[in-house]
Amino acid sequence: FFHIFSLVGFSVIYMCTAFFSSYIIDYIYHVAFFIGFFNWIYRIVFHINQFDITTFHNRWNFEWIKKTLDVLNRIVTPAIIWSIIGLNYMWLGLEISFLLWSISFLLWSIIWSIDINYTWKWSFKLHKTFKQVLIKKDIFRSLYTYSFTGFSFSNSLLEVIIPVILFSYIQSETEIWFLISFFAILSMLGSYLFWKFVPYSKYKLTIIISWILYSLSLLWFIFFSELKYLVLFTAFLNMVTVFFWIPQKVISTNVIHQIKNYNDIKTEYIVIRELFLAVWWVIGFIIIYFIWSIDKWFVEYIFYIMI
């Protein structure tokens with residue numbers, strides 16, 4: 001129910017945006033709030049379903065497939081949307097794009113209405129579960145390290161700051177898309193290499209090494225911020241981030257198996273994990289919100305915080 005509820009909510013929001021585009025700017029904060037609300041519900045239910053349809057031994061495979069599909073989406077979706085906006089049929093290019101998003105979410109909700117064999121309970125003991133999480137050091141450690149990722153990587157850097165900096169250099173949507181597609185292909189290559197050569201027993205070491213390389217690459221960009229170095233820097237990031245993002249997600253899910261009654265508290269645990277992540281997402285976005293320019297000194301300051 002909650003999965004379908006979130007997807008239908010997305011569909012309604014984008015449909016309203018398509019039909020009332022001339023007025024939507026006056027309610028942009030309301031739209032953003034509801035998008036965030038439905039996204040959070042979707043994430044939690046998706047992770048619960050993912051937990052139920054996978055096992056301790058094959059979650060890494062699921063994450064690799066999911067990452068590959070995400071990368072394909074990053075290539076295909078911008079191309080479709082920018083083509084529609086570029087054609088601007090009847091001067092409604094942007095409205096048609098939002099309408100397509102709305103239809104896509106609606107179709108998605110219909111597909112997800114197919115029954116999945118998962119156990120859902122209505123008793124919700126968040127406080128009790130949090131105490132169990134605190135007792136298990138490995139679980140708590142995986143939670144706060146997973147959370148730091150939300151600030152230092154997932155939304156703040158690759159999805160916001162770097163595209164803005166690239167656009168300030170290039171100022172061409174088409175060239176930006178070609179670069180993003182190139183980076184996405186490298187990310188897909190990194191996913192394949194990870195799947196092929198990194199066993200589960202080496203996940204912790206892989207996370208440590210990749211995080212060190214990630215931090216060093218941020219330092220490198222601070223001192224060499226020309227366009228050619230920015231492209232190399234971003235290409236390298238898309239390769240190396242796979243090697244800590246996938247194992248971190250797998251480990252943060254698998255550690256719950258250390259608790260005997262893990263199947264009874266999985267919902268609470270996933271909610272706690274997403275709350276940890278959301279707090280650092282908010283912190284990262286607050287910093288970005290106060291960016292009034294992309295002067296080199298300010299970007300350096302943000303990168304130092306991320307490091």
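I took the expected span of a helix as 1.5 Å times one less than its number of residues. Helices here are DSSP runs (H or I, at least four residues), numbered from the N terminus.

The model is predicted, so I kept local features at pLDDT of at least 70 and side-chain atom pairs at pLDDT 80 or more, with all residues used for totals for chains, interfaces and linings. Residues are numbered from 1 along each chain as its sequence is written, and side-chain values use heavy atoms, without hydrogens and water.

**Helix α10.** I checked its length. Helix α10 (residues 227–240) has 14 residues and should span 20 Å; its end C-alpha atoms are 20 Å apart, which agrees. Then I looked up burial (buried is under 20% relative accessible area, exposed over 50%, partly exposed in between; 1.4 Å probe, protein chains only). Among the buried residues of α10 are Leu230, Phe233, Leu237 and Asn238.

**Aromatic pairs.** I paired rings of Phe, Tyr and Trp (its six-membered ring) with centres within 6.5 Å; planes under 30 degrees apart are stacked, over 60 edge-to-face, the rest tilted. The count came to 18 aromatic pairs. Tyr14 and Phe105 are stacked, at 5.6 Å centre to centre with 10 degrees between the planes. They join distant parts of the chain: Tyr14 is in helix α1 (residues 2–19) and Phe105 in helix α4 (residues 93–112), 91 residues apart. Tyr14 is buried at 15%. Phe105 is also buried, at 15%.

Next I took Phe51 and Tyr262, an edge-to-face pair at 6.1 Å and 70 degrees. Phe51 lies in helix α2 (residues 28–53) and Tyr262 in helix α12 (residues 262–289), so this pair ties together parts 211 residues apart in sequence. Phe51 is buried at 6%, whereas Tyr262 is partly exposed at 25%.

I also found one aromatic cluster that includes Phe5, Tyr14, Phe37, Trp101 and Phe105.

**Charge over a ring.** My test was NZ of Lys or CZ of Arg within 6 Å of the ring centre and within 35 degrees of the ring normal. Arg59 lies over the face of Phe51, 4.3 Å from the ring centre.

**Second largest pocket.** A pocket is an open set of points on a 1 Å grid over the protein atoms alone, where a 1.4 Å probe fits, with protein on both sides within 12 Å along at least five of seven lines; lining residues have an atom within 4 Å of a point. I noted 20 lining residues, with Arg141, Thr145, Lys204, Ile207 and Ile251 nearest the centre. The elements giving two or more residues to this lining are α6 (137–154), α9 (203–223) and α11 (242–254).
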